[in-house]
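This briefing covers a predicted model.

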Amino acid sequence: MKIYKLLGADGKIYESETPGQYGGNGKMKIYGRLDCPSANSTIRRFPGTYEQHRVFFADEKTALAAGYRPCGNCLRQKYKEYMEDPEKYKAKFGL
């Protein structure tokens, strides 16, 4: 059985048998889809560098609770909504 390391809402890493739904950049505090073109391009261009800051989340609520925002590329509509009113966006998730 494969074990995945995910970042929790409290900012601590925990192990899970289920992979995360979102990936993120711990330095920039951004989360997005696992197939995000921006993240994958950066990983290819700067191998070993981006991965140092790579984090994974079980779901969007956890990413938001940990202080991350949606990616402006792969989650464009969510990003726009978040940027209009971050507190209102987080409130949709009970945060």
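The points below go through the sheet, the separate hairpin, the core and the pocket in turn.

The model is predicted, and its local features are given for residues with pLDDT of at least 70. An open sheet of 4 strands with mixed pairing has the order 5-3-4-6. The largest nonpolar core has 18 residues, and the largest pocket has a volume of about 180 Å³.

**The open sheet**

- In the order 5-3-4-6, the edge positions belong to strand 5 and strand 6 (69–70), each of which pairs on one side only.
- Strand 3 is joined to strand 4 by 4 bridges, and the two run antiparallel.
- Within strand 4, Gly32 is the residue that Gly23 stands opposite.
- Strand 3 also pairs with strand 5, again over 4 bridges and in the antiparallel sense.
- Asn25 stands opposite Arg54 of strand 5.
- In a regular strand, side chains alternate between the two faces of the sheet.
- Strand 3 is covered on both faces: Tyr22 and Gly24 are buried on one side, and Gly23 and Asn25 are buried on the other.

**Lys29 in the loop between strand 3 and strand 4**

- The hairpin of strand 3 and strand 4 has 4 residues between the strands, and Lys29 is found in this loop.
- Most residues other than glycine have a negative phi.
- Lys29 is not a glycine, yet it has a positive phi of about 60°.
- Lys29 counts as partly exposed because its relative accessibility is 37%, which lies between the limits of 20% for buried and 50% for exposed.
- Lys29 is also one of the residues that Tyr68 touches.

- Strand 1 (residues 4–7) and strand 2 (residues 13–16) run antiparallel and are joined by 4 bridges.
- Leu6 has Tyr14 of strand 2 opposite it.
- There are 5 residues between these strands, and in this hairpin Gly11 takes a positive phi near 85°.

**The largest nonpolar core**

- Among the 18 residues of this core, Tyr31, Phe57 and Tyr68 touch the most other members.
- Strand 4, strand 5 (54–57) and helix 2 (60–65) are the elements that give two or more residues to the core.
- Leaving aside residues up to four places away in sequence, Tyr68 touches Leu7, Asn25, Gly26, Lys29, Ile30, Tyr31, Val55, Phe57 and Ala63.
- Tyr31 and Phe57, which are among these contacts of Tyr68, are also named with Tyr68 as touching the most other core members.

**The largest pocket**

- The volume of the largest pocket is about 180 Å³, and 16 residues line it.
- Ile30, Ser38, Ala39, Tyr50 and Cys71 are the lining residues closest to the centre of the pocket.
- At least two lining residues come from each of strand 3 (22–25), strand 4 (30–33) and helix 1 (37–45).
- Strand 4 supplies the largest share of the lining, with 4 residues.
- By type, the lining divides into 7 nonpolar, 7 polar and 2 charged residues.
- Ile30, one of the residues closest to the pocket centre, is also touched by Tyr68.

How values were computed
Residues are numbered from 1 along each chain as its sequence is written. This is a predicted model: local features need pLDDT of at least 70, side-chain atom pairs count only at pLDDT 80 or more; totals for chains, interfaces and linings use all residues. Side-chain values use heavy atoms; hydrogens and water are left out. On a 1 Å grid over the protein atoms alone, a cavity is a set of points where a 1.4 Å probe fits but cannot get out, and a pocket is an open set with protein on both sides within 12 Å along at least five of seven lines; lining residues have an atom within 4 Å of a point. Grid points are joined across faces, edges and corners, and a volume is the space filled by probe spheres set on the points. Ala, Val, Leu, Ile, Met, Phe, Trp, Tyr, Cys and Pro count as nonpolar, Asp, Glu, Lys and Arg as charged, and the others, Gly among them, as polar. Two strands pair if DSSP finds at least two bridges between them. A nonpolar core is a set of buried Ala, Val, Leu, Ile, Met, Phe, Trp, Tyr and Cys residues joined through side-chain atoms within 4.5 Å. Buried means under 20% relative accessible area, exposed over 50%, partly exposed in between (1.4 Å probe, protein chains only). Contact means heavy atoms within 4.5 Å.
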